[in-house]
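Student: I am new to this structure and would like a close look at a single part of it. Could you walk me through that part?

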Amino acid sequence: MKHLIMTIPLILLTACAGSKKLDMPSPPEEFAPAIEVKHVPDEVKIIEVPKILALPGQLKELSEDRPDKELTPIEAITQAQKKALWKPNEGRYFNAI
């Protein structure tokens, strides 16, 4: 009985789905030609984009004798990933979640 109750709505839905034919409009025989617009604005308004400024102590100069200068890309990525990982200890617990 349970299977019969579940299959009847499916049969009705499939019967309704195939009975209606959709009429698609056909494209027009001739298309309208494009119109050239000759109106150009007289004045161009320049909008300045705000620049993000760094807070004091955020920008640091790079030294010329950096050890990562002669690394290959894969070595540089591996080294950066190792530097990004840190293990928690009591000294680094401040503001940690």
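Student: Does L4 count as buried, partly exposed or exposed, and why?

Tutor: Happy to look at it with you! This is a predicted model, where local features need pLDDT of at least 70, side-chain atom pairs count only at pLDDT 80 or more, and totals for chains, interfaces and linings use all residues. Residues are numbered from 1 along each chain as its sequence is written, and side-chain values use heavy atoms, with hydrogens and water left out.

L4 counts as partly exposed because its relative accessibility is 48%; buried means under 20% relative accessible area, exposed over 50%, and partly exposed lies in between (1.4 Å probe, protein chains only). L4 sits in helix α1, which covers residues 2-17; helices here are DSSP runs of H or I with at least four residues, and strands are E runs of at least two, numbered from the N terminus.

Now for the wider setting. The chain has 2 helices and 0 strands.
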